[in-house]
Amino acid sequence: MDIRQLEYFVQAARMKSFTRAAESLYITQPTISKMIRNMEVELEADLFYREGKSVRLTDAGEILFTKAQNIVESFASLSSELDNLRNLEQGHIRIGLPPMVGASFFPSVIGQFHKRYPQVTIRLHEDGAKKVEEDVETGLLDIGMVVLPVDTAKLHCFTFVEEKLNLILPMGHRLAEAELVPLSELAEEEFVLFREDFTLHDRIITECVKAGFQPKVIYESSQWDLISKMVAAGMGIALLPETICRDMDRSRLIVIPLTDPVIPWQIAMAWRRDRYLSFAAREWISFAKGLLREQYPNELPHEPLEHPNK
């Protein structure tokens, strides 16, 4: 049994699918199936229950998974440390970006980083902030953009956005002339929300419940522009961050500050505390911090720049 077999096994166990694991590893599904079958023959034990297109670990698989994760992570750390000796002549970074954050803040950062370090490859994973946070914690991602609060015992964080949510209304809405709108005023409205894998989904529902009502959710999406278009079409209302509201068509939409309560939207760059980061990933963190401070000097907190592997 070699390290590649263990890597394939761990990825299949994490994703609960040979097909999705193969796609993430850029190999064919028959290749990963054959590799895992060879492991089962060698160990004389079944590692997975096959259930249609998905798989789950057997008792023997659970035991191997616990040990294999440590071996694979140790090997990855060794490889990352050796990368340091190559002085960024090559390297690879896996970064998680929620759609709102990626479009609003990072095209320039990524472009300038690539210009300085053309041999470093960046693989971007677009998911909701909740999923990005989970993938940073499990090691599937090196760095992720997350919505605060998060478990700071597990993650280092650098906050680069501190905003609040605004109320988005269609033209002609009964609240269109209001200067401020309390959340309780929206009890009878129909909401257009982000999907459940977005942190804002749970936060908005939680705040509505605290305000005394369960929101009527008529549609969920992963795209803020689709949400705004549905509001403009009169299908409901939405709560979106200030950054997103600045790019909206004000001839079709009304944007009003939300109050009582003000719902914060804080975005941070996060990486795991107990995991070795490659030199490329550490340089990305340092580079992104510096560039974001230059672009948003009045918006970002000014904590000291700590070493990413501390």
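Let me begin with the basis of the description. The model is predicted, so local features need pLDDT of at least 70 and side-chain atom pairs count only at pLDDT 80 or more, while totals for chains, interfaces and linings use all residues. Residues are numbered from 1 along each chain as its sequence is written, and side-chain values use heavy atoms, with hydrogens and water left out.

I turn to the helices. Helices (DSSP runs of H or I, at least four residues) and strands (runs of E, at least two) are numbered from the N terminus. Axes are lines fitted to C-alpha atoms, for helices over the stretch in contact, and angles between N-to-C directions run from 0 to 180 degrees. Helix α2, residues 18-25, and helix α3, residues 29-43, cross at roughly 110 degrees, and their axes come within 8 Å. That makes α2 roughly perpendicular to α3; by convention, angles under 35 degrees count as roughly parallel, over 145 as roughly antiparallel, 65 to 115 as roughly perpendicular and the rest as oblique. The crossing of α2 and α3 is right-handed. A crossing is right-handed if the near helix is turned clockwise from the far one by less than a right angle, and left-handed if anticlockwise.

The second pair is helix α6, residues 107-116, and helix α11, residues 279-295, which pack at an angle of about 130 degrees with their axes 10 Å apart. That makes α6 oblique to α11. The crossing of α6 and α11 is right-handed.

Next, the salt bridges. Side chains of opposite charge can pair when their charged atoms come close. Here a salt bridge is a side-chain nitrogen of Lys or Arg within 4 Å of a carboxyl oxygen of Asp or Glu, and by this rule the count comes to 19.

What does aspartate 202 pair with? Its partner is lysine 130, and the closest N and O atoms are 2.6 Å apart. Aspartate 202 lies in helix α8, residues 199-210, and lysine 130 in helix α7, residues 129-138, so the bridge ties together parts that are 72 residues apart in sequence. Aspartate 202 is partly exposed, at 34% relative accessible area; in this scheme buried means under 20%, exposed over 50%, and partly exposed in between, with a 1.4 Å probe and protein chains only. Lysine 130, at 25%, also counts as partly exposed.

Helix α7 also contributes glutamate 137, which forms a salt bridge with lysine 154, the closest N and O atoms being 3.9 Å apart. Because lysine 154 lies in the loop between β5 (143-147) and β6 (155-170), this pair ties together parts that are 17 residues apart in sequence. Lysine 154 is partly exposed at 43%, and glutamate 137 is partly exposed at 24%.

A further bridge, 3.0 Å from N to O, joins the side chains of glutamate 185 and arginine 174. Glutamate 185 lies in the loop between β7 (181-182) and β8 (190-194), and arginine 174 in the loop between β6 and β7, so parts 11 residues apart in sequence are tied together.

On the surface, Ile218, Tyr219, Leu226 and Met235 form a nonpolar patch with about 310 Å² of accessible area together. Patches are made of residues with over 30% relative accessible area and no salt bridge; like charges are joined within 9 Å, and nonpolar side chains (Val, Leu, Ile, Met, Phe, Trp, Tyr) within 5 Å. Accessible areas come from the Shrake-Rupley method with a 1.4 Å probe, and for residues only the protein chains shown count as cover. Tyrosine 219 lies in strand β9, residues 216-221, and is partly exposed at 32%.

Finally, the backbone. Where is proline 261? Proline 261 lies in the loop between β11 (253-259) and β12 (264-272), and the peptide bond to it from aspartate 260 is cis, with omega near 5 degrees. Aspartate 260 has a phi near 50 degrees, a positive value in a residue other than glycine, and is exposed, with a relative accessible area of 56%.

The bond from leucine 148 to proline 149 is cis, with omega near 5 degrees, and proline 149 is found in the loop between β5 and β6. Lysine 16, in the loop between α1 (3-15) and α2, has a positive phi of about 55 degrees although it is not a glycine.
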